Amino acid sequence: MSAETEAVIRELADRAAITQVLHTYARLVDEREYEAVAALFTDDCLADYGQGEGDTLHSAKEVTDWLTRQLRHMKVTSHHISNVEIRFTGADHADTVAYLYAWHILPGLDVDPVVLGRYVDRFVRTPAHGWRIAERRLFAHGLVGLPEGILRPLPRKDA
């Protein structure tokens, strides 16, 4: 097998592995397996989930604690990841953009809250666990049943 063919195969395998981490994140959040979610991040990750105080997290443990606090009253959630774009910035580094549709049921509300957004992530390949999220930023395309301003809006060009 040529070196070029090996490089293509490795890139395809890396793309599949990174996409799997994104999809696993969505499933684990919906299953309320927040401790397992932490394993998808590097220990020293940076995760920025919103604009409020306490929404910028500096470790996988803080991600677990934040998800537990934010979703504790939700009866059900359903997170969907799509439109995954991956750009490799080195053999062991990749930048990704992935769209998010997150539906929630919160007892007592007339409308089920929905977040339409995107995750902008930086992945690193770790020696022990493979591809992990080192940095995450959540941007909102739109919100349903949630107050405006709780998530950072997606920057857009003026029309």
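Biologist: Is R10 buried, exposed or partly exposed?
Modeller: In this predicted model, R10 is partly exposed, with a relative accessible area of 42%.

Biologist: Which residue does the side chain of R10 meet in a salt bridge?
Modeller: The partner is D14, and the N to O distance is 3.7 Å. That pair meets the criterion because the cut-off for a salt bridge is 4 Å.

Biologist: Where do R10 and D14 lie?
Modeller: Both are in helix α1, 4 residues apart, which is about one turn of the helix.

Biologist: And D14, is that one buried or exposed?
Modeller: D14 is buried, with a relative accessible area of 8%. The value falls in that class because buried means under 20%.

Biologist: Why can such side chains pair at all?
Modeller: Side chains of opposite charge can pair when their charged atoms come close.

Biologist: What about R15, which residue does its side chain meet in a salt bridge?
Modeller: The side chain of R15 meets that of E11, at 2.9 Å from N to O. R15 and E11 also lie in helix α1, 4 residues apart, about one turn of the helix.

Biologist: Are R15 and E11 buried, exposed or partly exposed?
Modeller: R15 counts as partly exposed at 27% relative accessibility. E11 is partly exposed too, with a relative accessible area of 36%.

Biologist: Let us turn to the helix itself. How many residues has α1, and how far does it reach?
Modeller: Helix α1 covers residues 3-30, which makes 28 residues. From its first C-alpha to its last it reaches 41 Å, close to the 40 Å expected at 1.5 Å a residue.

Biologist: Which residues of α1 are buried?
Modeller: They are D14, I18, V21, L22, T24, Y25, A26, L28 and V29. A17, which is also found in helix α1, is partly exposed, with a relative accessible area of 31%.

Biologist: How far is A17 from H73?
Modeller: Their C-alpha atoms are separated by 32 Å, and the two residues are 56 residues apart along the chain.

Biologist: What follows α1?
Modeller: R32 follows α1, and its phi is positive, near 60 degrees.

Biologist: Now α3. How many residues does it have?
Modeller: Helix α3 has 12 residues, 60-71. The distance from its first C-alpha to its last is 17 Å, close to the 16 Å expected at 1.5 Å a residue.

Biologist: Which of its residues are buried, and where do they fall around the axis?
Modeller: A60, V63, T64, W66, L67 and L71 are buried in α3. Seen down the axis of α3, these buried residues fall within an arc of 165 degrees, so they line one face of the helix.

Biologist: What covers the buried residues of α3?
Modeller: The cover includes helices α1 and α2 (34-38). It also includes the strands β1 (41-48), β2 (56-57), β3 (76-90) and β4 (93-105).

Biologist: Which residue forms a salt bridge with D65?
Modeller: K61 does, with the closest N and O atoms 2.9 Å apart. D65 and K61 are separated by about one helical turn because they are 4 residues apart in helix α3. D65 is partly exposed, with a relative accessible area of 27%, whereas K61 is exposed, at 52%.

Biologist: Which residues do salt bridges that share partners join into one network?
Modeller: R10, D14, D92 and R125 are joined into one network in that way.

Biologist: How many salt bridges are there by this rule?
Modeller: The count comes to 12 salt bridges.

How values were computed. Residues are numbered from 1 along each chain as its sequence is written. This is a predicted model: local features need pLDDT of at least 70, side-chain atom pairs count only at pLDDT 80 or more; totals for chains, interfaces and linings use all residues. Side-chain values use heavy atoms; hydrogens and water are left out. Helices (H or I, at least four residues) and strands (E, at least two) are DSSP runs, numbered from the N terminus. The expected span of a helix is 1.5 Å times one less than its number of residues. Buried means under 20% relative accessible area, exposed over 50%, partly exposed in between (1.4 Å probe, protein chains only). The arc is that of the directions from the helix axis to the C-beta atoms. Contact means heavy atoms within 4.5 Å.
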